Amino acid sequence: MSTGAKQPKRAKTIDTFFRPKQNSKVSQDGITLGVLPPRCGVVINATDGPGDTAPASEPQKPVIMPDCTAPSAGEADAAVAGGSSGSPPGSGRKRRRRQPASDQGGGSTTEVEVVAAEGAGVQPSPPELAASELAAGGAPAAVAAVATVTAATAADMLAAAADCAADTKRPTVQPPGAKEGQQQQQQQLEGAEPPSADGDGEGLTPAQRAQIAANHNRALARRAVAESSAPGAPPLSLSSLLVEPGWRAALEGELRGANVRQLEAFLRGEWGAGRKPVFPPQECIFQAFNACPFDQVRVVILGQDPYHGPSQAMGLSFSVPREVRPLPPSLLNIYKEAAEDLQWGGRPAHGDLSSWSVQGVLLLNTCLTVRQGEANSHSKRGWEAFTDGAIRALSQRRSGLVFLLWGNPAQAKASLVDTRKHHVLKAAHPSPLSASRGFFGCRHFSKANQLLQQQGLQPIQWLPE
C-alpha cells in the first residue's frame, strides 16, 4: 500500500471506544476483574460510574459470573495469536449489542462494539476477543463495557483455563501410605492375618497392633456366626467364638467340658425364634478374651453380668459402644473417680473402653450373656464356672497382675487368685447405690499404675481414646 493513498478509516476497537478521558475516575471507580481458573465462579466488583455507586451504608454486592468452560488447546492458541476462528480471511463482521449496563444504574444502557476486520488489515487483539466473549456469553454488559485488560492478562486467562482443563484430566494422587491404610482396613474387616511381631506393621504402637489383632479376632468370630446361620450348617458352638490363641490354649479344658455343652444347649433355646433378645451379640460374647490376649493381660477388672438394655452390651465389663447415650450410671462413677484420681479435668464423652483392653486390661464379667431387660437372667447356667477357670488360669500361669475387685460378687473371686504372685485391690461397686460407701476415693487407677511401674511395665493410659 503506497504512502500517498488514502488510508481507509479504521473502526474503533474496544480499547479506543472505551478509553477513559483525562479526568475520568475509571482507574479508581472502574472494574476490578478477578481472574479465577475456569469452572469456578468469577467474582467481579463492578460499578457503572460515580452515579451508580452503592451508598456508604450498603456494601457493594459482587456480581457472580456463571461457570466457565475451559477452551481446547487449539482454541487457546488461536485466541492468543489474535486469529478469528469464526470468520474466513477477507471477511469482516461487526456486531453491536445493546444491553442494560447495571442492575444498580436505574435502567441505563451501554453499547458494546467489537470489530473483526481481518480483510481490512485490522487484527483484533486478545482484549477485544475476551470482551466479545464476555458480552456474547451472557455476562453483564457493564463488565464487557468497561473491561480493559492487557494482552498479557488475556493470555494469562486463557493459559489458566487450559491448565484447569488439564488438571481435571489428571489422575488423583493419593498421599503416601493412603493405599496401604485402605488395604489394611479392608484386611481387618475381612479377617486377614494381623501384623506379626517380626517385621509387619512397622511404625505401629503396641496398642495399635493390639487393636488390629482385636479387630481380626472379632472378624473371625463374626464369620463363625455367619457360617452357623447357613442352611444345613451345624449349630453355633461357643468354642468357635473364642479365637484368641492364648486363651484357647489356656481354656481348652473348659471349652471341651460338659459345663460348656450344657451352656450351649441353654443358649440355643434362648436364641430361638420368638424369644427375647440376648445380649451381647453372639460375636461379642468372648470379646473380653479376643481383645486382650492371654499373655498380654496386666490388669483385671471384674464385673457381674452384661448390660441388659438394647445396644449397650459389647462384651467388655462396664463398657458401652461409643455412640450410646446416656452413659450407664456405674460407668459415670468410674469416670468420676478416675478423673479425680488422675486429674483428667473432665470426663470422656463416650463409654467405649476398648482402648483399655488393647493395653492389657481384661474387662471380664463373671456372666457373659443376659436376657433383655432381666438382670442376672443367665446366672448359674454355667458361665460362673467358665470365668472362674479363666481367673484361675491367669493366677497359675502369669505373675504380677493387678486385680481390681469392685463389690462383693467380684471380691468373692479373690480366693481364686494367688496373692503371693499377684496384687488384689478391693473397693465397693461403682453403682450409685454403693459408690459413696468406698468406691469414691479408692484411687485404684493410680495405684494400679504404680504397681505396674514397680515391675518395669508401662502404666495404663486410663483416659479413653
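Reader: Which side chain makes a polar contact with the side chain of S354?

Author: Happy to start there, keeping in mind that this is a predicted model. The side chain of S354 reaches a polar partner at 2.6 Å, and that partner is the side chain of D352.

Reader: Is S354 buried or exposed?

Author: S354 sits in helix 14, which covers residues 354-357. Buried means under 20% relative accessible area. The relative accessible area of S354 is 19%, so S354 is buried.

Reader: Thanks! How many disulfides does the structure hold?

Author: A disulfide is a covalent bond between the sulfur atoms of two cysteines. C292 counts as buried, at 1% relative accessibility, and C442 counts as buried too, at 8%. As for disulfides, the structure holds 0.

Reader: Why is strand 10 largely enclosed by the rest of the structure?

Author: Let's take the two faces in turn. V402, L404 and W406 are buried on one side of strand 10, and F403 and L405 are buried on the other. Strand 10 is largely enclosed because, of its 5 residues, the number buried is 5.

Reader: Which residue of strand 11 stands opposite L404?

Author: Good one to look up in the structure. Strand 10 pairs in the parallel sense with strand 7 (residues 299-303) over 4 bridges, where L302 stands opposite L405. Strand 10 also pairs in the parallel sense with strand 11 (residues 423-427), over 5 bridges. In strand 11, the residue opposite L404 is L425.

Methods: Residues are numbered from 1 along each chain as its sequence is written. This is a predicted model: local features need pLDDT of at least 70, side-chain atom pairs count only at pLDDT 80 or more; totals for chains, interfaces and linings use all residues. Side-chain values use heavy atoms; hydrogens and water are left out. Helices (H or I, at least four residues) and strands (E, at least two) are DSSP runs, numbered from the N terminus. Buried means under 20% relative accessible area, exposed over 50%, partly exposed in between (1.4 Å probe, protein chains only). A polar contact is a pair of N or O atoms within 3.5 Å; within protein, one must be able to donate a hydrogen and the other to accept it, and residues adjacent in sequence count only if both atoms are side-chain atoms. A disulfide is a pair of cysteine sulfur atoms within 2.5 Å. Two strands pair if DSSP finds at least two bridges between them.
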